[in-house]
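Please work through the exercises below with the sequence and the structure at hand.

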Amino acid sequence: MRYFFAGLGILCVALAMIGVVLPLLPTVPFLLLATFFFARSSSRLHGWLLSHNTFGPMIMDWNENGAIRPGAKKAATVSVAAVFMISLIAGLATHILLIQAATLSAVMLFIWTRPNG
């Protein structure tokens, strides 16, 4: 089971790294999942992720306080706005835009109601 969890953790880190450059793919949720999987499989990988200069502080903020840093909130807002603008420009059907608007609004509400890290 350790190898299975380690493999899932590595997959989540890979998806998070892709999410750094793709606005449609989230980064932090995959890192949180990787932390969960590494905690159950590899203390070395778990420690590496928590001590990472870029991602470690965000993970610790979430684990300790359920907090999201203001910079991350702003980046998420810009990404969500960009995705919705692309959908508008692409001329998606109205019902799809409404579903997307409702979903993205709920995500933004969740993000902005978290404490600041």
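The exercises that follow concern a predicted model.

**Exercise 1. Overall architecture**

Determine how many helices and strands the protein has, and describe its overall extent.

*Solution.* Step 1: the secondary structure amounts to 6 helices and 0 strands. Along the sequence this gives the pattern α-α-α-α-α-α. Step 2: the C-alpha trace spans about 50 × 30 × 20 Å along its principal axes. Step 3: of the 117 residues in the protein, 30% are buried. Step 4: the protein exposes about 7,400 Å², and 72% of this area is supplied by carbon and sulfur atoms. Step 5: among contacts with a separation of 6 or more, 56% join residues 24 or more positions apart.

**Exercise 2. Aromatic pairs**

Count the aromatic pairs, and then describe two of them by distance and angle.

*Solution.* Step 1: the count is 4 aromatic pairs. Step 2: F5 and F37 lie 5.8 Å apart centre to centre with 20 degrees between the planes, and the pair is stacked; the cut-off for stacked is under 30 degrees. F5 belongs to helix α1 and F37 to helix α2, so the pair ties together parts that are 32 residues apart in sequence. Both F5 and F37 are buried. Step 3: W62 and F110 form a tilted pair, at 6.3 Å centre to centre and 55 degrees between the planes. This pair links distant parts of the chain, with W62 in helix α4 (residues 56-65) and F110 in helix α6 (residues 94-113), 48 residues apart. Step 4: W62 is partly exposed at 27% relative accessibility, and F110 is partly exposed with a relative accessible area of 40%. Step 5: ring pairs also link F4, F5, F36 and F37 into a cluster.

**Exercise 3. The nonpolar cores**

Identify which elements give two or more residues to the largest nonpolar core.

*Solution.* Step 1: the largest nonpolar core has 13 residues, and those with the most contacts inside it are C12, L31, A34, F38, L49 and I59. Step 2: α1, α2 and α3 each give two or more residues to this core. The largest share, 5 residues, comes from α2. Step 3: leaving out residues up to four places away in sequence, A34 touches G9, C12, V13 and L49. Step 4: apart from this core lies another, of 6 residues, including I68, V80, L104 and I111.

**Exercise 4. A single residue**

Is T35 buried or exposed?

*Solution.* Step 1: T35 is located in helix α2. Step 2: its relative accessibility is 6%, and the cut-off for buried is under 20%. T35 therefore counts as buried. Step 3: beyond its neighbours within four places in sequence, T35 is in contact with H46, L49, L50, I59 and N63.

Note on methods:
Residues numbered from 1 in each chain as written. Predicted model: local features only at pLDDT ≥ 70, side-chain atom pairs only at ≥ 80, totals over all residues. Heavy atoms only, no water. Phe/Tyr/Trp six-rings, centres within 6.5 Å; stacked < 30°, edge-to-face > 60°. Helix = DSSP H or I, 4+ residues; strand = E, 2+ residues; numbered from the N terminus. Buried < 20%, exposed > 50% of the residue type's maximum accessible area, 1.4 Å probe, protein only. Contact = heavy atoms within 4.5 Å. Core = buried A, V, L, I, M, F, W, Y, C linked by side-chain atoms within 4.5 Å. Areas by Shrake-Rupley, 256 points an atom, 1.4 Å probe, with all protein chains shown as cover.
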